[in-house]
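The note below is meant to be read beside the sequence and the coordinates.

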Amino acid sequence: MVYLSSTFSKSLKRSFGKGPETCNVILKGNRFYVYMRNFITPAEEVLIKQDKLELAVNFRTSIINAVTEDYLPEVSKVLGISFDSFFHDWNYDKNTGILLLDHSQLDHEKNLDSTFENNLFTLIENVGSSYHKKPASLKVIKFTQNICAIESKEVLLPLERLVYEKGNADLLLQQAWEIKTGYWKNKGQFEGLFNRLIEDMFMMWDYKNNRNYLVFIFNKLYIMN
């Protein structure tokens, strides 16, 4: 795993001229997560200062897509898993990012208290109802003391699917920011349910397959009741 982390960091440094300060990798079932800190390059800093965040995101997206395409065969070879899709999200205000590699044809069972799971899904539906379509299904795909990832399926409205099919990625990107901002505003409710301080939050969209991934990164500290 250290090798895979180092390989990805070096690939980013070659492409951006700067790699992330830290790059942590996690494998769970058929999904491979890469969590990065302090990734912003000098060029992105300039764009952000000029209030051109969209340009910074588009710049990073183009390069990350190319880097990940080259990285996929190496990860697949080392882990023996043929990943067929990948997603990423970036929090420029916190200087953190996440990459998720997925194999859509494989899955694994997750043991989770049913009451907690139902409460979590209810909270996601209640919070999300103000920002996006109610998902047809929700599933916790990873839950440890450090991270919780939830997959939502059938999350797109007909208009959103049309926007995606027309290739208007800028509109979808802007909407994704608004939705994630809405979840951030309700961070306290999720912290109360998890009984953990939430250090970071990401939302990755798979428009092609009509699903998204909501990922919480927890602080090492527990909430004291």
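Predicted model: local features only at pLDDT ≥ 70, side-chain atom pairs only at ≥ 80, totals over all residues.

The numbered points that follow take up the model, its pockets, its strands and selected residues in turn.

1. The largest pocket. The largest pocket has a volume of about 960 Å³, and among the 32 residues that line this pocket, those closest to its centre are Thr-61, His-88, Leu-173, Trp-205 and Tyr-207. Two or more lining residues are given by each of helix H3 (53-79), strand S3 (85-91), helix H6 (169-185) and strand S7 (196-206). Helix H6 contributes the most, with nine residues in the lining of the largest pocket. Sorted by class, the lining of the largest pocket holds 17 nonpolar residues, together with eight polar and seven charged ones.

2. The second largest pocket. The volume found for the second largest pocket is about 220 Å³, and of the eleven residues in its lining, Tyr-35, Arg-37, Asn-146, Ile-217 and Phe-218 are the closest to the centre. The elements that supply two or more residues to this lining are strand S1 (22-28), strand S2 (31-37) and strand S8 (211-222). Strand S8 has the largest share of the lining of the second largest pocket, namely four residues. By class, the lining of the second largest pocket divides into five nonpolar, three polar and three charged residues.

3. The four-stranded sheet. In which order do the four strands of the open sheet run? The order is S1-S2-S4-S3, and the pairing is antiparallel. Because S1 and S3 each have a single partner strand, they stand at the edges of the sheet, and one side of each is left without a neighbour in the sheet. From one strand to the next, the twist averages 15°.

4. Strand S3 pairs with strand S4 (residues 96-102) in the antiparallel sense, and the pairing extends over seven bridges. Within this part of the model, Asp-89 has Ile-98 of S4 as its bridge partner.

5. The S5-S6 hairpin. Strand S5 (residues 137-143) and strand S6 (residues 147-153) are paired in the antiparallel sense over six bridges, and the two strands form a hairpin with three residues between them. Opposite Lys-139 stands Glu-151, which belongs to S6.

6. Residues with positive phi. Asp-51 has a positive phi of about 60° although it is not a glycine, and Asp-51 is found in the loop between H2 and H3. With a relative accessibility of 71%, Asp-51 counts as exposed, because that value is over 50%. Glu-154, likewise not a glycine, has a positive phi of about 55° and lies in the loop between S6 and helix H5 (158-165). Glu-154 is partly exposed, with a relative accessible area of 45%.

7. Cysteines. How many disulfides does a search of the whole structure find? The search finds zero disulfides. Cys-23 is buried, with a relative accessible area of 10%, and Cys-148 also counts as buried, at 0% relative accessibility.

8. Thr-68 is found in helix H3, and Thr-68 is buried, with a relative accessible area of 0%. Although Thr-68 and Ser-11 are 57 residues apart along the chain, their C-alpha atoms are separated by 8.9 Å. Ala-43 is found in helix H2 (residues 42-49), and its relative accessible area of 43% makes Ala-43 partly exposed.

Conventions. Residues numbered from 1 in each chain as written. Heavy atoms only, no water. Buried < 20%, exposed > 50% of the residue type's maximum accessible area, 1.4 Å probe, protein only. Disulfide = S-S within 2.5 Å. 1 Å grid on protein atoms, 1.4 Å probe; cavity = no way out; pocket = protein on both sides within 12 Å on 5 of 7 lines; lining within 4 Å. Points joined across faces, edges and corners; volume = space filled by probe spheres on them. Nonpolar A, V, L, I, M, F, W, Y, C, P; charged D, E, K, R; others polar. Pairing = 2+ DSSP bridges. Axes fitted to C-alpha atoms, helices over the stretch in contact; angles between N-to-C directions.
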